[in-house]
Amino acid sequence: MTKKNALPVTRQEDFAAWYQAVIQEADLAEESGVRGCMIMRPWGYGIWERIQMLLDRQIKETGHENCYFPLFIPLSYFAKEAEHVDGFAKEMAVVTHHRLKMHDGALVVDPEAKLEEPLVIRPTSETMIGTAFSRWLQSWRDLPIMVNQWANVVRWEMRTRMFLRTSEFLWQEGHTAHENEADAMAETLTILAMYRDFAQGPLAMPVIAGEKPENERFPGAVATYSIEAMMQDGKALQAGTSHYLGQNFAHAQNIRFQDREGQFQFAHTTSWGVSTRMVGGVIMTHGDDDGLKVPPQIAPHQIVIVPMLRETPEDEALLAYCAKIRTALIDSSAFGEPLRVLIDKKAGKPGPKRWGWVKKGAPIILEIGGRDAAGEQVTMLRRDSLYDEDGKLANQAMHWESFVGQAPALLDQIQTLMFCAAKQRLDAQVRSDVTTMDELKAHFDGSKYPGWVAVDWCRPTGEALDKVVEQLKALKLTIRNTPENSAPAGETCFFTGGAAVERILLARAY
RNA sequence: CGGGGAGUGGCGCAGCCUGGUAGCGCGUCUGCUUUGGGAGCAGAGGGUCGCAGGUUCGAAUCCUGUCUCCCCGACCA
């Protein structure tokens, strides 16, 4: 028996097309008509709002306060940090005028309204926030300064993909200043751990946290750390970064203070962020051929009740029965919050509505008809296990009070199962027995979804590193990161034959 | 930004080569019949064919420009 899937294309057939189909069929986002910019629809934005709410809590618990800085940054602010501007110069949107006028019946930019100094639409806010820090910071007593902002940023990307790389995207950016390197490094690693736990908790998305190699560092940073997630096609997705900026930005922007001895010292700063890209990671970690699966913690609605409305007078009693169940459900809580339950009263037939919620990935769907109501029952469908062994929909009928009683634990269980399934996939797809370039090439050429490979290396720098990067580039591979505490397994560097000092992950990446 | 493909009712597409003013499937609406479950039959509504110029008596169809999307590459969260 061939199982009919809700999506027009499967992951196996065409992963890229599947990804786009999920976004469209689950009503996550759509084309906007503006190059590289997307419209986030309620279900997609709702997932982002959940991410925001939960992560914001963590950011505050780790001692940070939210602020808001301007969208526009004077061009001159960028000139101060050479590496930083080099890294972003090619992808900046610039505002040069402030007025339009009618000319020959057409609306055109008024050449007379040229700005004295062009304004860059922020690609990230180090320069703007650093300038503020230099004013805020006078004494060692002012440290540490720890702020965060939720904002949109613009990077003029050549090639865009919904959620993964859009010209405009939403994110949070944390910025801190500290008295010394040790404090700043501790902050950088605290945030890395926070991101790791957040991805593996609410997103149920296993990641590898570690340090980026020199060539992948944030422009202007001394050290960059990332969390890397594995998508179902084996590619890596950088899902969050935390940077130790040393005193580079402090020097460039004069972020300094008088220490306990009255001497002037430059602060050590950090910056870190995660973006709407995380939603893309959730799609490619948890989606299947029937659409998205949203982990219960970040699902805008955890339980969706689809009443079997018949457009008859009996509908009213059925809706009352559904409302009773909903009231009981939102009275209980999971993950420390009240359950989020929607009764889908929209017009339309129950079947298509049910499949709509399957494609959107609501964790639990309750289908409730007249017979259920009469028998005090509900019919439950779990998104994480839609089908039984015969390939039929695995509906389960039970007493409504029984369902209400077990719903919190069930959501908890679904969250855990989703993480475990993804973790198993990640673990199974990291190879660490590749010892030569030829084997590496054979591995990545020989498999559609090859996953990652871990190798020892000598942590080369400068030209030696460039050579390694070039070799990898020929195989379309990148160095993802050096996982935390990853001592080398052997003694020799995979690339140079020199002495190995640590282990790194190689992968194709988004 | 280089190479390739594409933009036609809400969605998916045909028509374009060989110009004559638009068609199919799904969805939508109406009616009837059904219905523990992504229903059947009959009928109806809906598009200045991405946008702007040009050629022509006449352009979805030919030409030029431009915008947007998809794939490959370079770049990147």
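Author: Two strands pair if DSSP finds at least two bridges between them. Keep in mind that this is a predicted model.

5 strands form an open sheet, and they run 20-17-21-22-23. The pairing in this sheet is mixed. Strand 20 (341–343) sits at one edge and strand 23 (396–399) at the other. Each of these edge strands pairs on one side only. Neighbouring strands are turned against each other by 25° on average, direction ignored.

Now the pair formed by strands 17 and 21. Strand 17 covers residues 303–307, and strand 21 covers residues 364–368. The two run parallel and are joined by 5 bridges. One residue pair can be picked out: P307 has I368 of strand 21 as its bridge partner. Helix 10 packs on this sheet. The helix touches strand 17 and strand 21. Its direction makes about 170° with that of strand 17.

Helix 10 spans 350–360. Strand 13 (236–246) and helix 11 (370–374) also supply at least two residues each. In total, 39 residues surround RNA strand B. The closest are R35, M158, G351, G369 and R371. By class, the residues of this surface divide into 17 charged, 12 polar and 10 nonpolar.

Strand 25 (residues 452–457) and strand 28 (residues 502–507) pair in the antiparallel sense, over 5 bridges. Within that pair, D456 has R503 of strand 28 as its bridge partner.

Finally, the whole chain. Chain A holds 14 helices and 28 strands. Its radius of gyration is 26 Å, close to the 24 Å that the globule rule gives for 510 residues, so chain A is as compact as a globular protein of that length. The C-alpha trace spans about 80 × 65 × 60 Å along its principal axes. Of the 510 residues, 42% count as buried. Among contacts in chain A with a separation of 6 or more, 67% join residues 24 or more positions apart.

Notes: Residues are numbered from 1 along each chain as its sequence is written. Chains are lettered from A and ligands numbered from 1 in the order in which they are written. This is a predicted model: local features need pLDDT of at least 70, side-chain atom pairs count only at pLDDT 80 or more; totals for chains, interfaces and linings use all residues. A residue is near a molecule or strand if its C-beta atom, placed from the backbone, lies within 6 Å of it. Helices (H or I, at least four residues) and strands (E, at least two) are DSSP runs, numbered from the N terminus. Ala, Val, Leu, Ile, Met, Phe, Trp, Tyr, Cys and Pro count as nonpolar, Asp, Glu, Lys and Arg as charged, and the others, Gly among them, as polar. The radius of gyration is taken over C-alpha atoms; the globule rule is 2.2 Å times the number of residues to the power 0.38. A residue is buried if 20 or more other C-beta atoms lie within 10 Å of its own, exposed if 12 or fewer, and partly exposed in between; C-beta atoms are placed from the backbone. Two residues are in contact if their C-beta atoms, placed from the backbone, lie within 7 Å. Axes are lines fitted to C-alpha atoms, for helices over the stretch in contact, and angles run from 0 to 180 degrees between N-to-C directions.
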